Structure formats: C-alpha cells, structure tokens
Amino acid sequence: MVADTSTQINKPSIGDYLKNNIREYGLLIALVIIMLFFQILTGGVLFKPVNLTNLVLQNSFIVIMALGMLLIIVAGHIDLSVGSIVAFIGGLSAIMLVKWGVHFSIVVPLCLILGGLVGAAQGYWVAYQKIPAFIVTLAGMLVFRGLTYLVLQNRPIGPFPKDFQLLSTGFVPDLFGFLGPISFNTPWIQFQQSLIDTSTWSVMWPDPQLVLVQWTINNVFALVVALVAVALLIYKSIGHRRQNELHGTENEPFGFFVAQMLIISAVAIFFGFQLATYRGLPNVLVVMAVLIALYTFVTTRSTIGRRIYAMGGNVKAAKLSGINTERLTFYTFVNMGVLAALAGMIIAARLNSATPKAGVGFELDVIAACFIGGASASGGVGKITGAVIGAFIMGVMNNGMSIMGLGIDYQQLVKGLVLLAAVFFDVYNKNKG
Amino acid sequence: MDNIILEMRGITKTFPGVKALDNVSFKVREGEIHALVGENGAGKSTLMKVLSGVYPAGTYEGEIYYDGEPRRFSTISDSEHLGIIIIHQELALVPLLSIAENIFLGNEIATKGVIHWPQTFARTQELLKKVGLSEPPATLITDIGVGKQQLVEIAKALSKKVRLLILDEPTASLNENDSDALLKLLMEFRAQGMTSIIISHKLNEIRKVADQITILRDGGTVETLDCQTEDIGEDRIIKGMVGRAMEDRYPPREPKIGETLLEVKNWNVFHQHHRDRQFLHDVNFTVRAGEVVGIAGLMGAGRTETAMSIFGKSWGHKITGDVLMRGKPVDVSTIPRAIDAGLAYVTEDRKQLGLVLINNIKENTTLSNLKAVASNGVIDDRKEVKVASDYRSKLRIRSHSIYQETVNLSGGNQQKVVLSKWLFTNPEVLILDEPTRGIDIGAKYEIYTIINQLAAEGKGILMISSEMPELLGTCDRIYVMNEGRIVAELSKAEASQESIMRAIMRSGEKH
C-alpha cells in the first residue's frame, strides 16, 4: 500500500521529452520546412526583404484575430462572424474618417469599443441564453455582412487620411537614422533561376554562382531591436531555467534548450537584418508582437487564462468550482470583437478603402490557424504560440503560392489538405500515446 | 458433473509499461454465477475485455477454452456469436432512441435494410417480459431510470441468445430495490441454466448470489473460493483482495463536537425541470464543528439535490429557506458566495462534475481558490506548485508528479484531488456526496482517515452515502431522507441498518 508520494520529479529523458512535446517542435519545424520549400520553389523570392515585409503586413490581421479565436476555441466555442465584423468595423471607420472627417485618434478607440459591443451582442446569446456559438455567430456572420452593405450603401469608401494609413503601411522611424545607411560587401551564392519552372513544371538546375553582393542596412533600429529581443529572450529563459532548478520543476533537456535558443536567435536576427535592409519595422509588426506577448502572458500566467482553460476542459466542473462561466464566456466574445475590430481597421488601412466584401472567408483562415496550431475542437487545449505559428504557416503558403503564380484554386486545395494533415497528426499522436 | 463452460489459461496482457494481467487463470462452470472481485486496477475489466475480444487474439498471451474448444476471438462479434455477451459499466445505450431500437441496434430485424417494425416491437415485448419490465417498447431510453436501463441492456443480451453473460459492476449506480431486482433476475437465469460472470465491489451482493468467487490482485489470480462448500464471509474476501486481513474498515475516532456551524431551516425546493413539482419539503438540519453527519436514503430521496441547492443554488428552482453559518444568515445564492460563506461541495460524479480531467493535479487543486496563489490576476507559479505538492503529500495522492493529468489517476486518487481542491478553499463545512463510490477498499480507508482528520481540525462534515455500513461506521449522527423530506434523525447509538430502513419504510406508508 505504501507508494511514492515524494515531491521529487523524475528527469525526463530526451526521447520522452521529444515525444511529449512533439506537437510544438513539429509545428515549428513544419513552418521552417514550408518556408525553405517555398524559398526554393520561388527562386529565393520568399526571403527577400520586400517580401518578408509583405508577409508580415499580409498576415498581421490573421495573427491578431487568431489570438482571440484561440481563447474562444479553448473556451469550447467558435466564432464564424469575425470576417463580417472586419468588414463592418472597417466600413464604420471609413464613414467616420472619410465622410465625417473625424480624427483617427478618436476613430480608432471608438471602433475598438464598437467591436467590443459587437462581441458582447453575440457573447450575450452564447453565455447567458446558452445558444450554441456556432449558430449565434453564423447569424452574426450574416447580420454584420448585411449591415456592412447597408452602411457602405454597396460602395467602397476611400481613400483614407495619410495618418490612418500608417496604422498598416507605416514603419517605425529609425532612431539611429543619424548613422545613415550602412553598406558592406560579402561574397554570396546566388541562384540565377528557380529550381522548378511552375509554368511548365520542369525541374531546372538552379545554377549557383559566387558573386560579390552589396548589403545596405537602411534601418539600423530594426536590427538593434532584433538583437535586444534575442538578448532579452536568452536572459529571461536562462533565469527561468534557474528558477525551475531551484524549485525542482520540470526542465527541458539542456541540449534542447541550447538548440532552441540558437535557432530562435538565428531566425530573429536574420529576420531583423532582412527588415533592416528594407524599410525597418512595420508598425503592424510592433502591434502584433505586443499583442502576442500579452496574450501569451494571459493564457499561461493569469487567473483568467487558467479559468478559460478549465472551463473549456469541463464547463460543469468549472462552474461547480466557483467560476462564473457565463461572464467568462461573455468576455471571451467581447475580446474577440475588439481584436476583429482592430484587424478590420488594419485591413481597411492597408487596402486604403473599406469595401463591403472585405474579410470574406477570413474566419476560416483564422480558425484553421488555431487548429493547425494544435487547438482542440472540443475545448480546453491550445496555445497562443501554436495559433501564431499556425497563422504563419497559412500565411507563408498563401504568399509562396501567390508568388509562384498558383491560382486561388490550388491555394485553397493545398491549404485544406494541410489543415487536415495537421489535425490528423494530432489525433494520430494522441491515439498512439 | 461440473461442466466447465469457460477456461482461461495463463492470460498475460501488457500495455506499454504496465503488465495489466500476469498469467491469470480463470475457470467458470456452466450454469453458475461466478463473481470476479478485486480492487480497482486489479485487472478484472481487462480480463473480461480479453475474453470478449475487445483486445483481439494475438495482443495477449494465453489460451481461452470455451465449450472445451480453444478459441481465438479477434472481434467482439466473434465472441457474441458464441453467446458471450458483456455489459459494460458505462451502459452502451443511445439515450434518444427507443427501447426497441436500442435492443436491436446493429442487429435489426430487417429485410434488405428495411426494418420490420411490428416484429421488432413484438420481439421487444417478449424480451422485456423476461427481464420483468413493463415499459412500452417505444419508450425512449432517456425517459427511464438507470435501473431499468440496466434491464434493457440485459434484454439486449438475451436477444443475442446469450449463454455467458458478463456484467461489469451492474449495481454500481442502482439503489437497493433495483439492485435486488437485478440480482433476483440473475438467479432466475441461473435456474434456467444460463451462466453469468459478475464483477462487483459490493461484497454483500456477491455473497448473496455467487456460487464461486475469483479474486484478482495486481493483475494475478489470488484464489477461487467455492461458496457452496463453505460459507465465505466478507472479511475473508477482503483479505484476499488486499492481501491482508482488514481488521477495521473504519478508522477509529474520538469525536470532539463543538458549536453549530451550519444550520439549514425550512428548505423548500422545486424540481429543476418539472418546475411546478415541489421536490424538497421543509428540510431542516444542523452540522456542528468536529461532527460527521450522515444523510441516508434511497436513490431519488433528494439528498444530492439538498446539497446542490444549498451550494450556490446549483440545483432546483424557487428555492426558499434559510442557511445559517455559526448562527448568522449567509448568502448562498451563487457558488462563489457559497464558497465565501465557508461551504464546499464534493460532488458524487467526480469525472463529470468534479475534475477538469484534461488538466493536471496542480491545476485542479487550485481551481476553486486561484486568488490565493495569484496577485493582481497573475498566478504565482511557485506558490501554486507548493500548494499542490503539499496536498499531494498530505493526502497521499499517488502520481508521478503534480503535473500528471487527472484523467490518468485511479478513482481513489481522483477523489483525493477533488478533496484537495476543496480543502484549499479552507471551508468550515464540507459536504461529501458519495465520497467513496467506485473506489477500492484501501483508498476508502484513506478517505475515511482524511474525513476523521478534518473533523478533528474542527470542520463540520456532511456525508451523503448510499452505503449504509459506511455511514454507520463514520458518522456521529445520521439524518434519513425519503421523498424530499427528512424523516428521521438518529444518534450513533440509535442508528443501524434496520433502524434506517424502518424510518424509510414507515415514512413511505404515511404518504
């Protein structure tokens, strides 16, 4: 009858660790493989500074909405209306900015509040009237799309004032601008042509050549931010490991830790360098990074986050544990509305016009990002980092296939198969484990 | 003369990392009721899954002889074909289909895919008669009680020409009347020559019906006892199950009873769904510091409903009455308020209502009182780990760490996690609803010990249980409920199985 009740924790072996965390590493590895794949297929266009910047701009709104959607899915619900909210709030912002001439510093917070209200209007039915979220937000999808046509009177509105456009097309000014552009030369291997010619689907020899390439860093600040971010991350992670060791909490194997840090640092510095050689940090990237950090914190460290996971895992047990599940559900939808409103404004600013058709089908990209990122359709499971990587996997595929000149037909087909494969991978792992 | 219908020889079944069955041998005589007992995790259900083909031949070692011939079942239908039918603990009925549809599900009376309804209903009626049910065949499963659902399962087994019926804890969720009816039915079947294997934790029932008892412990066969040649007492069975004599099933306690903590006055509650039906009538009771108070009663007497309606009005409708803590009225209208008032409710259904199974021990432990390990809404990881580790060692929760998901814990350890969660809210009165249901004997003893410790610390315990010996063994005072009323209050000296049953019966006559 005597059993081990000591508090010491067995050190997991590397094999065990990999098995337990295969989902997260697998996802990251998948993203890297997909990126390399398209880098080759597009003949090196994908990693070009212009394109990397575009990739960020094109995906920011999907990432931002995926943060809210992840909470909704973890809570055990779904939101199909976000695409329509994007159009609706985008339209309202256009009317206020363009037709009424209101200053953007008033319009932006106002639109965020309106987005919250839209979320509240749907959250009420889900949380307090217990109507399944699928139905409520399906109705919301139709209602807010209809309202968008109404308020825009079927016509696009634009262009926006310059300052509002900066929300999505602006760049953070170079604090080290006084240094001026810095140029230097290094030898580099350059491919003259793409490996696969997508017009004829023939494989061609990429024909590498050693050339002297001139690099110009236009925006030192972007590179500095990348370096500082990497330094902070390493410092924090080492501190965290120390704490864990002191208190006997589970740590990942040291080799893994080092490898992980090296890869993340390399990617971040490469990314920062590429952005620095173009126009620097897009404003949206900063907004996105802050939001990702905030939501990661909320999901992993806050009581609200913990309660959402508990509620999604077992709503009855959570309620009987004293959690106000109705209010929590309600606020999850309010939060989604605010984030969808932000995305709506970013999209409107990017397109420089609000159209009634904005955001059609976005809900599917956002939901797919969460599921690719490992969220469970039955609730209680999912991570912010997963959803973000999932969003970027979708984004890179969109971007890569567009560059290759593949039509919307192939793009949808491939995206659908990737979603299915990702979820199959989850189910397979679960059954095996 | 003893015709052996089934023999399992040297069965060994391993799961990754665990040997669930180790060289188990098992013999069943034709026409007998054979009980299979053992603590949770001893391997009873695994053995039956090997027998029925849930684990196909080849995934285990050993041989199965049925009717004297070696058999290798690779699917359930292989074993069903020979009349081996298993009824699992969790009933496999579709709630929104009718009795008839359920009985012939997957086995429909049909020609070319078109169901022959008149014949189906007629056959169903015949089968229901055999198991003593008078419900119309078109009744939906959801509209009949668990006891009758169990009988429908048996009728379904009969429809498949059962020769060897296996019942996995058939009476676990039945009240005594339904249990008795079920056991009587098994004895009738025995008289007609059918063989049954029954897995059960309820030793008194086993003594009543079993011809032979096979005891499993830690994946091995301990012994087979023959009830026809000697009288097997419960203590004898327990000794075999736990590997030692269990002198005292209830740890001793010196009650030190103090002031009145909880007082419920004139508690009237209407039914949650049938809103015009009054369910609880003028319920009054008290719980004092250091006291363990029991509520006895049959299933449906209103015990769980009393507890849940007090705990944040989480059951019922049109609730009236007063709840006082230490003599002062308190607000229990929502669960957070009830917790603040010093109440805790450990639910009878720990998987559905007690735990977030996909979360780990640590997360479940702090769920009801997250504020205590957080500041400004941010969880202090170190504090939380410490709290969870403390409870894990204090309550002796067996797990590899506090990071183990609760879904992988045994019933007893799950219950301890639920208890940890509520102890961490530091309640004055704990309401324990069937705290030992489905838990093996060793773990039960540990739960009783925890209850005693809590009482010694001056907390008040209100314990709801359907096992009368448990109430008699642990409580200082017992209320008896029947049909939504408290019908008797018995002191420890007055309380006995007879006096409780008498109180229930007498109150039934009055109405």
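## Close-ups of a two-chain predicted model

**View 1. The six-stranded sheet of chain B.** Six strands of chain B line up as an open sheet in the order 6-9-10-3-11-12, and the pairing is mixed. Strands pair here if DSSP finds at least two bridges between them. The names come from DSSP runs numbered from the N terminus: helices are H or I runs of at least four residues, and strands are E runs of at least two. Strand 6 (84-87) and strand 12 (220-226) of chain B sit at the edges with a single partner strand each, so one side of each has no neighbour in the sheet. On average, neighbouring strands of this sheet are turned by 15° against each other, direction ignored. For angles like this one, axes are lines fitted to C-alpha atoms (for helices, over the stretch in contact), and values run from 0 to 180 degrees between N-to-C directions.

A word on what you're looking at: this is a predicted model, where local features need pLDDT of at least 70 and side-chain atom pairs count only at pLDDT 80 or more, while totals for chains, interfaces and linings use all residues. Residues are numbered from 1 along each chain as its sequence is written, and chains are lettered from A and ligands numbered from 1 in the order in which they are written. The model scores ipTM 0.83 and pTM 0.81. For chain B, the mean pLDDT (the predictor's confidence in each residue, from 0 to 100) is 89, and 97% of its residues reach 70 or more.

**View 2. A parallel pair, strands 9 and 10 of chain B.** Zoom in on strand 9 (residues 164-168) and strand 10 (residues 195-199) of chain B, which pair in the parallel sense over five bridges. Look for Asp168(B), which stands opposite Ile199(B) in strand 10 of chain B.

View 3. Strand 13 (residues 260-270) and strand 16 (residues 317-325) of chain B are joined in the antiparallel sense by six bridges. In that pair, Phe270(B) faces His317(B) of strand 16 of chain B, standing opposite it.

View 4. Chain B splits into domain 1 (4-242), domain 2 (258-342 + 427-511) and domain 3 (352-426), with bounds from an automatic or database domain assignment. The C-alpha centres of domain 1 and domain 2 of chain B are 34 Å apart. Eight residues of domain 1 of chain B contact eight residues of domain 2 of chain B. On the domain 1 side, helix 8 (residues 234-242) of chain B brings the largest share, three residues.

**View 5. Helix 3 against helix 9 in chain A.** Helix 3 (residues 49-74) and helix 9 (residues 254-277) of chain A pack at an angle of about 105°, and their axes are 8 Å apart. That makes helix 3 of chain A roughly perpendicular to helix 9 of chain A; the cut-offs are 65 to 115 degrees for roughly perpendicular, under 35 for roughly parallel, over 145 for roughly antiparallel, and oblique for the rest. Helix 3 of chain A brings Pro49(A), Leu52(A) and Thr53(A) to the contact, and helix 9 of chain A brings Phe271(A), Gln274(A), Leu275(A) and Thr277(A).

**View 6. The loop between helix 6 and helix 7 of chain A.** Pro159(A) lies in the loop between helix 6 (133-152) and helix 7 (162-169) of chain A. A cis peptide bond links Gly158(A) to Pro159(A), with omega about -10°. Asn154(A) is found in the loop between helix 6 and helix 7 of chain A as well, and its phi is near 70°, a positive value in a residue other than glycine.

**View 7. The contact of chain B with chain A.** Chain B puts 35 residues into this contact and chain A puts in 28 residues. Helix 13 of chain B gives the most to the chain B side, with five residues.

Technical notes
Two residues are in contact if their C-beta atoms, placed from the backbone, lie within 7 Å.
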